[in-house]
Amino acid sequence: MKEQLLDLKLKRLIQLCKETKNYKKLAVVSFVLTSNTIDEIGIKLGMRPREKNAGEKIFEYMELVNKIFALNFKISVFKLKVIEILSQIELLFLRKQGDLGLEHVKEVFDIYYELRKLEIPNLHENINSDALNRNRSISMFSFLSGNQNSKSKKESAFKPILLHKFREEEKALQIQLKKEFDKEIFEKILHLKTIRKNIEQRSKGKIIISGSLKDNISYRQSKEHIGQFLVFGLIILFAMMGIVTVIEAFMFGFLSVVISYNMLICFGAIVVLYFINKAYFGKR
Amino acid sequence: MSINFKSVYKIFFVVGLVLGFASVFLDWYYLQGISESGETVVYWIYSALFDWSTPFSKGALFNEFYQPKNATMPVAIVIIFIITLFLSAYSALFHDVERKNNLLKLRRFNFVNLSLVTLIGFFVLIFPLFFLLPNGLYYPFLLYYDYELEVTFYFSIGPGYFFQLISFGFTFPYALFNHSVINTFEKEQSSVENTINQYIGNIREELDLDKLIAREEFKLESTSDSQSEVPKNEVEKIYEEFLTARGRK
């Protein structure tokens with residue numbers, strides 16, 4: 001919708017500029033649009049923004065994007081011919097301070113629409129459900145559900161297998177991509193890489209939730225375990241009372257017989273609570 | 001039927017807070033001495049907020065002899081306890097962990113809740129250990145007959161301390177529940193896509209096409225008298241060619 005509106009406005013501006021022969025304005029507009037599109041593509045691909053203040057040119061940035069992606073994925077995002085044409089026109093544009101002929105302006109618009117046709121996957125986007133389904137052989141969320149402490153060991157054992165599986169799949173997809181460029185495959189490679197890095201860097205071990213907590217399945221599961229907090233609280237309470245009683249018994253030896261009842265109640269309650277905890281919450 | 005522990009804990013927590021608040025105004029410890037004739041000769045009451053007090057006037061020497069020395073908790077701790085208690089009440093009543101976006105806010109309140117439980121624990125454990133026992137004030141209850149003085153002494157914790165015990169049991173589960181939730185779950189700071197789009201929007205060069213069109217229209221209108229009009233159909237044709245060449249038509 002936004003693009004359609006932009007096209008309509010652009011159409012009107014082109015008409016007017018043609019009538020007034022103000023090609024300089026068209027040249028500037030075409031370069032601003034191309035520059036914005038290139039910036040968007042670069043950032044979506046996880047690149048740094050173009051250093052406009054340092055005088056980094058559009059074609060130089062395109063070359064940089066191509067170089068990095070050729071190194072990582074053995075693909076070039078922008079066609080070399082496009083970069084070549086744009087480099088010539090951009091240098092001319094800068095030298096002549098925007099005074100370009102209609103033919104050159106047409107070529108820049110041509111490049112702009114070519115770039116708009118590119119379906120660039122957003123590297124920063126979260127993994128979609130489709131991608132998850134394709135990786136169903138590996139239960140990605142198995143380590144995310146409740147009881148973190150007991151599962152941390154299993155998780156660390158599972159991690160290398162998971163990473164190995166991801167690397168293998170990444171390699172296979174890269175081979176496919178070498179043969180023929182496919183947007184979906186490319187997107188999947190990027191997703192796999194993102195997940196792999198997330199797993200590699202995962203240190204806090206927290207479950208990230210995006211919506212409401214009560215709708216989270218892991219939270220719902222973990223709620224079943226919270227019953228023991230009350231038991232823990234009572235154990236600590238009786239332990240504190242028991243400690244005071246024991247110290248009192250040491251301080252006032254003649255009270256030992258009387259105090260022993262208190263001690264029995266306190267420590268007896270701790271033992272009972274321990275077994276209650278074991279019976280009701282231990283097996284889960 | 002499964003129990004919703006979280007809701008139960010929350011109710012417990014609020015009750016615990018009420019009891020904790022009430023406790024500071026109630027008596028924490030009683031020391032009473034009754035003579036053989038049934039007359040009260042010693043009577044000391046301790047309140048966390050109002051210190052040791054006695055119903056006897058200053059001249060009662062026997063009563064004054066039994067006045068507990070250095071058995072007073074600093075009032076500052078009690079005031080800190082009351083402030084913490086109010087902050088915890090605010091978090092429990094207005095910030096439910098399950099509600100959207102409350103996880104981040106609760107991270108700040110988690111510290112307050114844990115401090116509250118620690119303070120109650122401090123009262124439960126430290127008060128008898130550091131203030132009662134060194135002064136010969138027995139814990140929790142003791143009835144002791146002094147044969148020399150022929151006085152029966154009653155040592156007993158009061159409702160204030162008893163409320164603290166209950167308060168600990170009631171506040172601990174919810175505070176720990178919140179702590180465990182905050183340590184297990186993390187709210188996604190913001191949608192990555194939104195952040196990226198915002199960033200792209202920030203670095204994008206502004207282009208006001210409406211303004212450019214308006215200027216161009218103005219320019220055209222002002223020169224329309226002197227210039228011959230370009231046939232509209234011709235402009236349309238050029239633009240059609242332009243689009244066709246770019247594969248958009």
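This is a short tour of a predicted model, going from chain B to the cores and then to a pair of helices in chain A.

Residues are numbered from 1 along each chain as its sequence is written, and chains are lettered from A, with ligands numbered from 1, in the order in which they are written. Because the model is predicted, local features need pLDDT of at least 70 and side-chain atom pairs count only at pLDDT 80 or more, while totals for chains, interfaces and linings use all residues.

**Chain B as a whole.** Select chain B, which holds eight helices and six strands; helices (H or I, at least four residues) and strands (E, at least two) are DSSP runs, numbered from the N terminus. Followed from the N terminus, its elements run α-β-β-β-α-α-α-β-β-α-β-α-α-α. Of its 249 residues, 27% count as buried, where buried means that 20 or more other C-beta atoms lie within 10 Å of the residue's own, exposed means 12 or fewer, and partly exposed lies in between, with C-beta atoms placed from the backbone.

Next select residues 141–146 of chain B, strand 4, where the count of buried residues among the six is zero. Phe141(B) has Ser156(B) as its bridge partner, and among the four residues between the strands, Glu150(B) takes a positive phi near 55°.

**The cores.** Now select Leu237(A), Phe13(B), Tyr29(B), Ile120(B), Phe168(B) and Phe172(B), which have the most contacts inside the largest nonpolar core, a set of 59 residues. Such a core is a set of buried Ala, Val, Leu, Ile, Met, Phe, Trp, Tyr and Cys residues joined through C-beta atoms within 7 Å. Helix 5 of chain B gives this core its largest share, twelve residues. Leu237(A) touches Leu165(B), Phe168(B) and Gly169(B), not counting residues up to four places away in sequence; contact means C-beta atoms, placed from the backbone, within 7 Å. A second, separate core of 32 residues includes Ala27(A), Phe31(A), Ile58(A) and Ile111(A).

**Two helices of chain A.** Finally, select helix 4 (residues 80–95) and helix 5 (residues 102–117) of chain A, which pack at an angle of about 135° with their axes 10 Å apart. Axes are lines fitted to C-alpha atoms, for helices over the stretch in contact, and angles run from 0 to 180 degrees between N-to-C directions. The two helices are therefore oblique to each other, since angles under 35 degrees count as roughly parallel, over 145 as roughly antiparallel, 65 to 115 as roughly perpendicular and the rest as oblique.

Conventions: Pairing = 2+ DSSP bridges. Contact = placed C-beta atoms within 7 Å.
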